[in-house]
Amino acid sequence: MSASQVPPVTAIGTPRITAGFDEYGRLDLLAHQEVHGGFAALSSGELIGLADRIELRGRGGAGFPFARKVRAVLDSCRRQELPPVIVVNGTEGEPPSWKDKAVLTRAPHLILDGAALAAAALDAEEIVIGIADDGIGQSSITAALAERRMPCPTRIVTVPHRFISGEGGALVRGINGEAHIPPGRKVRSSDNGVMGLPTLLSNAETYSQLAIAARLGPWEYNAVGIPEEPGTVMLTVGGSASSPAVVEAPTGTPLMDVLNMCGADIGPGLLVGGYHGKWITAEAAQTVTISRKGFASVGGTLGAGMLIPIGSRTCPLGEVSQVVQYLAGESAGQCGPCRLGLPDLARAVTLVSLGGNAVENVRQAAGVVKGRGACSHPDGTARFALSALEVFAKDVEAHTNGEGCGKSVRGILPLPYTAEQGARRLAVDWSRCDGHGLCSAVAPEIIRLDANGFPAFPQTPLPPWLENGARKAVNVCPALALRLTEETVK
């Protein structure tokens, strides 16, 4: 991967975070100062007051109020008589998301400004910037640090480019030299984070928004967007969009304005909020405005700002099945809901996509994992799968009736192993296959038998966690008809 893979960046209305992108491409320190100007340092009280007045919430997915995070860290520092650490989460492990990488590669000084503001206000011990080991953004943020002085020691830590590596607890563990997975129990980083110190952790866009607000002040910042959620948001538009892009838009912007700008064919549904988000119908998308409240009104979520229209040319259930398999494989494997429950959920969703009458199995498997995990991964995966059943109800009926939707899976929902590695697929030599059925008994999560007793399975790349089962199925085939093929996905 390289910075050149980041989608084009554009803005609706007057750009803020993306100001200067058209003119400079990437803003070095001189360009950054020319475009954005300077700002004054803030006390801890002023920092909290500013964050409160602009209703600043985390832009990594959870939407937690930034001011409450700062208060919690300050309270912990006073109680324990310890200095804090500032952590910037720039890992962005979700395959469809690019907004933070766009800021890392093109406006790194905005991120550093926000982190520096927080560090100076809280008298921090250290600033740590967490980024993925895919190489995107690392050279940019390293060059930016070399151009300026920070208020305290600042270092960059790389973590594996995995879905769960960006979870707050997983990032803190990685910085501390532990496994890059969420802790097996609920831990508040504000109490016990990096090196055991109270830690203020938020994502790259959040610190960038803070830097913008410090320059504009609350009144000017709040002049854009809707009163209850002022300012702009960074959005990643992908999926079936003919012109995928990272878009900065004021809150309150009609969703269709963003989708039309990117040439999006919505098809039967749109995924909002990413792979821990929800599906909404094409009809609902016509009425939504960009905001947390707007998406919630149609059963969606803003999450980390991902908009992924499924389009009309792919099999929605096949796409969903492939993602649920991926999410099951991304489990940290520390608790039952992830280690056992998510594979069960993936098997059930796969059976639905293959035409099995397993809708109730999906609901049951999702119900088992919801609210029981040590982190949000089981809940987010269940939410993704259940909302797909609702939005794609017609496709579910067609598949269950044995008719199918007549569409192949085109990979509209991106997955890292299909983009970066040789893709392994199951294939059958039909001149040899006698319909013994042993393969479905060995690997029921991948293969089922059709009405004539012959194997049926998704014509999509196998997720890594299912490859062992596929190999076992190949090995037991008495007619040597089943095989694994490998091809490079371009």
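Arg-372 sits in the loop that links α15 (359-369) to α16 (377-391); helices (H or I, at least four residues) and strands (E, at least two) are DSSP runs, numbered from the N terminus. The model is a predicted one, where local features need pLDDT of at least 70, side-chain atom pairs count only at pLDDT 80 or more, and totals for chains, interfaces and linings use all residues. Residues are numbered from 1 along each chain as its sequence is written, and side-chain values use heavy atoms, with hydrogens and water left out.

Arg-372 counts as exposed because its relative accessibility is 52%; the cut-offs are under 20% relative accessible area for buried, over 50% for exposed, and partly exposed in between (1.4 Å probe, protein chains only). Neighbours within four places in sequence aside, Arg-372 is in contact (heavy atoms within 4.5 Å) with Pro-337 and Asp-379. Ala-204 lies 168 residues from Arg-372 in sequence, and their C-alpha atoms are 29 Å apart.

Next, the inside. A nonpolar core here is a set of buried Ala, Val, Leu, Ile, Met, Phe, Trp, Tyr and Cys residues joined through side-chain atoms within 4.5 Å. The largest one has 57 residues, and Ile-86, Leu-122 and Leu-200 have the most contacts inside it. Among the elements giving it two or more residues are α3 (44-53), β2 (85-90), α6 (108-122) and α9 (204-221). The most comes from α6, with 10 residues. Ile-86 touches, beyond residues up to four places away in sequence, a list that includes Ala-115, Ala-118, Leu-122, Val-128, Leu-200 and Tyr-207. There is also a second, separate core of 44 residues, with Tyr-275, Ile-308, Ala-346 and Ile-412 among its members.

As for α6 itself, 14 of its 15 residues are buried. The end C-alpha atoms of α6 are 22 Å apart, which agrees with the 21 Å that its 15 residues should span at 1.5 Å a residue (the expected span is 1.5 Å times one less than the number of residues). Just after this helix, Asp-123 takes a positive phi of about 55°.

Strand β12 (residues 306-309) is covered on both faces, with Met-306 and Ile-308 buried on one side and Leu-307 and Pro-309 buried on the other. Strands pair if DSSP finds at least two bridges between them. β12 pairs with β8 (residues 232-237) in the parallel sense over 2 bridges, and Met-306 is the bridge partner of Thr-236. With β10 (residues 269-272), β12 runs antiparallel, joined by 3 bridges; there, Leu-271 has Ile-308 as its bridge partner.
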